[in-house]
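This briefing goes through a protein model by topic. Keep the sequence and the structure open while reading.

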Amino acid sequence: MGWIKSQSVLPRGTPSVRLCEGGPGFSHFMRLQAPLHSCAIYVRTVDIPRTKQRRRMVAKAHEGGYDADCRATVAALNATCRAIHRVAVKVLWSRLFSLRPLVKCMPADLWTENVEDGSDLRSTISLTRPPDASEWGRFQSNAALVTSFKRFGLAPDIDEDTYRTLCLYHPGSHPLLPNLRELIWEEPDADVFEYGFQLLGPKLTTLHLGQPPSDSLLLPILRSLHVKCPRLAHLSVQCRSSIGPVDPVVSRSISQLDHLETVDMALPLFEDALIHIATLPGLSVAKVFIPRIPSIHDHLLSLDLPLFPSLSVLQLSAIGLEESFAHLMRLTASTQLTEVHLCTAHDPPAPMLREFLDILSNGPSRDILSAVSIFSPLPSSIPLMLSLSALPPLDRPECFLDASVLEPLFSCPELTELELNSFFIKLDDELIRLLATAFPRLQSLRLMPPYNAGRISEVTLEGLLPLFRHCPDLTHLAVPVNASAPPRALDDTMHPSELLTLEVADSPIGFPDEVAAFLSAHCTHPSFSILSAQVHEGDRDPEHMRLRELHSAMWDQVTRMVRLFVRVRSQERHGRAGKAPDR
């Protein structure tokens, strides 16, 4: 086999270079050969006897996705021999971030490009005239190879005029990318976002729509999913606003998608879509928003059939915790449910939340439940609350989250992740002790307010000791503490913890050296770090901002001192272990 010239235009950034010793891509290719003993490399030829081996080689080189070096390696293989050419071109075109490479497959007089700073990612491309039917050949042949298209970023891919021209003059009735299976669409331009409709096709199985300039732009795409993408298996839709528009046509469309395996919908759904999703036999992930419409909750409460037979992850979002939520949990039949997340705009009353957790902890998946999180308010509404310096009324004892509310979860022995996000958490040392005792397998524990507002926690540094003692696998801990007073004397009987990160939010601190000495006796991982709130991470109260800046600097000092103390103690232990005993 000799050198050949590629007959297909490759995406920009994947040059067709010759694979010679010392040349571009050669070192990557040589590393590629290590596990493939049957492949021999020469200066001008490559002997690859089987198609399967060729595919393994090209796929191995392309594992880096859109990494420039990996793409250069595959391009170099493409230039080597005809045996590799067909597979390499297919791999290089299979995944795209931009439609610009396809536009460049058209005749050179048909398009013009303005490049900024020599970067193709910052370039703009436009058509100079509508293309004739005879000028689409190379565009269509390479577009047929694209199976994944991911569009996100602050700059538009191509402008509205170019999209409109491509869609109007594209020959045939099939989509621009006829074999597309994965579409990630986060186009920032409002005039361009709607053209995502033109990329939908019958082979699409994965669709993510996110960060639309306006939530209303999502509706035309979602309304047509059952017609355009009948085999859709993975659907994710994120809104720009806290609560997206309620549209019955969207729900009707989703209720006709029979192959869904994962659903993550920030838009509220009506009962037809909710019931359809809940009864799908192959659904493993369900993240849905249930609107506050009485008829919907009445319909859900009237259900009397097993739901979510194969579910592993469930997230329920709503304005408030409704009685229908507990009923849905009671009907959940899955024995594989490992994660449950509850997100509400308003803090739920403690009795209703306890009932929900009680049903969850007595369900068929209680022995494998590994992650539970409760968010109030909705994460998407926190920026607005911050801008308004809004705090909920804190004199609502019916919403307080204490150990009695969480007690039903104590019967779930496999819980490894617990997250509570609310202004109404009653944080104190006793709660920490009960959680540490109930969940010895904890790996991540987060007990935080939605944002920093200068409130002082009742948890002390000594109150963290039960976690260090009973939870050996704990690696991430987020809980505000009151470190204004120096901690008590070190407990020499404590076992070292493998804690990697300790988030303290805007916790006050008064004696950084003594705090560092205390933590270094328990947090012995060499990469241990403390994350504290920065000056602008919280409300805009001038005094709170001043204290955040002061305390953040002191917590950074503690991190440096803890690492130093841990290193010194480690060296001392190794020194004593290596020292010969006196005779």
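**Backbone points**

P377 is placed in the loop between β14 (371–375) and α16 (382–388). The peptide bond that joins S376 to P377 is cis, with omega at about 5°. The model is predicted. The protein's secondary structure comes to 21 helices and 19 strands, and buried residues make up 51% of its 583 residues. Of the contacts between residues at least 6 apart in sequence, 74% join residues at least 24 apart.

**Positive phi values**

- Most residues other than glycine have a negative phi, and most peptide bonds are trans.
- F308, a residue other than glycine, has a positive phi near 50°.
- The position of F308 is in the loop between α13 and β12 (313–318).
- F308 has a relative accessible area of 7%, which is under 20%, so F308 is buried.
- A505 is not a glycine either, yet its phi is positive, at about 55°.
- Strand β18 (residues 501–505) contains A505.
- With a relative accessible area of 8%, A505 counts as buried.

**Aromatic pairs**

- The structure contains 9 aromatic pairs.
- In one of them, the ring centres of Y163 and W185 are 6.3 Å apart and the ring planes stand at 85°; an angle over 60 degrees counts as edge-to-face, so this pair is edge-to-face.
- Y163 belongs to helix α7 (residues 160–169) and W185 to strand β7 (residues 182–185), so their pairing ties together parts that are 22 residues apart in sequence.
- Both Y163 and W185 are buried.
- F410 and F439 form another edge-to-face pair, because their planes are at 75°, with ring centres 5.8 Å apart.
- F410 is in the loop between α17 (403–406) and β15 (417–421), while F439 is in the loop between α18 (429–438) and β16 (444–448); the pair therefore ties together parts that are 29 residues apart in sequence.
- A cluster of F149, Y163, W185, F193 and Y195 is linked by ring pairs.

**A charge over a ring**

- K426 places its charged end over the ring of F400, at 5.0 Å from the ring centre.

**Packing of α13 and α14**

- How do helix α13 (residues 294–301) and helix α14 (residues 323–331) pack, and at what angle? The angle is about 30°, and the axes are 9 Å apart.
- Angles under 35 degrees count as roughly parallel, so α13 and α14 are roughly parallel to each other.
- The crossing in which α13 passes α14 is left-handed.
- From α13, the contact is made by H297, L300 and L301; from α14, by E323, S324, F325, H327 and L328.

**Buried residues of α18**

- Which residues of α18 are buried? L431, I432, L435, A436 and A438 are buried in this helix.
- These buried residues of α18 pack against α17, β15, β16 and α19 (465–470).

- S497 has its place in the loop between β17 (476–478) and β18.
- At a relative accessible area of 2%, S497 is buried.
- Which residues does S497 touch, not counting those up to four places away in sequence? S497 touches F468, L474, H522, C523, T524 and H525.

- L564 is part of helix α21 (residues 542–578).
- With a relative accessible area of 41%, L564 is partly exposed.
- The C-alpha atoms of L564 and A516 are separated by 9.6 Å, and the two residues are 48 residues apart along the chain.

Note on methods: Residues numbered from 1 in each chain as written. Predicted model: local features only at pLDDT ≥ 70, side-chain atom pairs only at ≥ 80, totals over all residues. Heavy atoms only, no water. Phe/Tyr/Trp six-rings, centres within 6.5 Å; stacked < 30°, edge-to-face > 60°. Helix = DSSP H or I, 4+ residues; strand = E, 2+ residues; numbered from the N terminus. Buried < 20%, exposed > 50% of the residue type's maximum accessible area, 1.4 Å probe, protein only. Lys NZ or Arg CZ within 6 Å of the ring centre and 35° of its normal. Axes fitted to C-alpha atoms, helices over the stretch in contact; angles between N-to-C directions. Parallel < 35°, antiparallel > 145°, perpendicular 65-115°, else oblique. Left-handed = near helix turned anticlockwise from the far one by under 90°. Contact = heavy atoms within 4.5 Å.
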